[in-house]
Amino acid sequence: EALLGEKQMQLMEQMYETPPESQSVNERAFMLGFYIRHNPSIGLQCFASGLLLGIGGLPTLISNAAVLGATFGYMATVPQRDNFYTFVTAHGPFELTAVVLAAAAGMRMGFSLIQTDGWTRLASLRRSMHEAVPMVSLAVLLFGLAAFIEAFISPAPIPYAAKAAVA
């Protein structure tokens, strides 16, 4: 409660009062746009702040991890837990991995400004960009997959086992 606040906990309970399968196709399509905009913004924040001496992304990662952990812990104690876990299982691994990859790529670039290995800072940063591009590319792919899964598979009326298999 100290981390989430009572209003956020009540909002989570209300959000998952009804099974996720009750969303219409139009609602799912609308949510796809929201997920495409919202989720990568967290990754972009982690990536960009990683340029601050390599550790700038850590506060965002730690903050999000704490809130997610508190949310999962709280939701495990309420009657809406099945709806919650049914919804988050399929897309969660893709989304969370993408955030961590984005942060790691930013941290890699930020560290290159500190440990230049004899290069100028700009040359070191350029070199690290080439190393970070595969991580960022994978993060972008995972964010896209996560958004699609969150919009269309997570709320789908399919068995939990199928959602767990997607994860």
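The legends below describe close-up views of a predicted model.

**Figure 1. Overview of the chain, which has 7 helices and 0 strands.**
Read along the sequence, the pattern is α-α-α-α-α-α-α. The C-alpha atoms fill a box of roughly 60 × 35 × 25 Å along the principal axes. Of the 167 residues, 37% count as buried. Among contacts between residues at least 6 apart in sequence, 75% join residues at least 24 apart.

The axes of H2 and H6 lie 8 Å apart, at an angle of about 150 degrees. The two helices are therefore roughly antiparallel, an angle over 145 degrees being the cut-off for that term. H2 passes H6 in a right-handed crossing. On the H2 side the contact is made by Arg28, Ala29, Leu32, Tyr35, Ile36, Asn39, Pro40, Gly43 and Phe47. On the H6 side, the residues that meet them are Val136, Phe143, Ala147, Phe148, Glu150, Ala151 and Phe152. By class, the contact of H2 with H6 holds 12 nonpolar, 2 polar and 2 charged residues.

**Figure 2. Val25 of helix H2 and Phe152 of H6.**
Val25 has a relative accessible area of 59% and is therefore exposed, since the term applies over 50%. Along the sequence, Val25 and Phe152 are separated by 127 residues. In space, their C-alpha atoms are 8.2 Å apart.

**Figure 3. Packing of helix H3 (residues 57–75) against helix H5 (residues 92–114).**
H3 and H5 pack at an angle of about 160 degrees, and their axes are 10 Å apart. Because of this angle, H3 is roughly antiparallel to H5. The crossing of H3 past H5 is left-handed. From H3, the residues in the contact are Leu58, Leu61 and Leu68. They meet Leu96, Val99, Val100, Ala103 and Met107 in H5. Sorted by class, the contact of H3 with H5 consists of 8 nonpolar residues, with no polar and no charged ones.

**Figure 4. Packing of H3 against helix H4 (residues 81–88).**
The axes of H3 and H4 come within 9 Å and cross at roughly 135 degrees. H3 is therefore oblique to H4. Thr71, Phe72 and Met75 of H3 make the contact with Arg81, Phe84, Tyr85 and Val88 of H4. The contact of H3 with H4 divides into 5 nonpolar, 1 polar and 1 charged residues.

**Figure 5. The largest nonpolar core, with 14 residues.**
In this core, Phe94, Ala98, Val99, Ala139, Leu142 and Phe143 touch the most other members. H5 gives the most, with 6 residues. Leu142 touches Phe94, Thr97, Ala98 and Leu101, leaving aside residues up to four places away in sequence. Another core lies apart from this one and has 13 residues, including Leu4, Met12, Val78 and Phe87. In soluble globular proteins, nonpolar side chains tend to be buried together.

Not counting residues up to four places away in sequence, Thr116 touches Arg121, Ser124 and Arg127. Asp117 has a positive phi of about 55 degrees, although it is not a glycine. Most residues other than glycine have a negative phi.

**Figure 6. Ala164 in helix H7 (residues 160–166).**
The relative accessible area of Ala164 is 35%, so this residue is partly exposed. Ala164 and Thr86 are 78 residues apart in sequence. Their C-alpha atoms are 8.7 Å apart in space.

Technical notes:
Residues numbered from 1 in each chain as written. Predicted model: local features only at pLDDT ≥ 70, side-chain atom pairs only at ≥ 80, totals over all residues. Heavy atoms only, no water. Axes fitted to C-alpha atoms, helices over the stretch in contact; angles between N-to-C directions. Helix = DSSP H or I, 4+ residues; strand = E, 2+ residues; numbered from the N terminus. Parallel < 35°, antiparallel > 145°, perpendicular 65-115°, else oblique. Left-handed = near helix turned anticlockwise from the far one by under 90°. Contact = heavy atoms within 4.5 Å. Nonpolar A, V, L, I, M, F, W, Y, C, P; charged D, E, K, R; others polar. Buried < 20%, exposed > 50% of the residue type's maximum accessible area, 1.4 Å probe, protein only. Core = buried A, V, L, I, M, F, W, Y, C linked by side-chain atoms within 4.5 Å.
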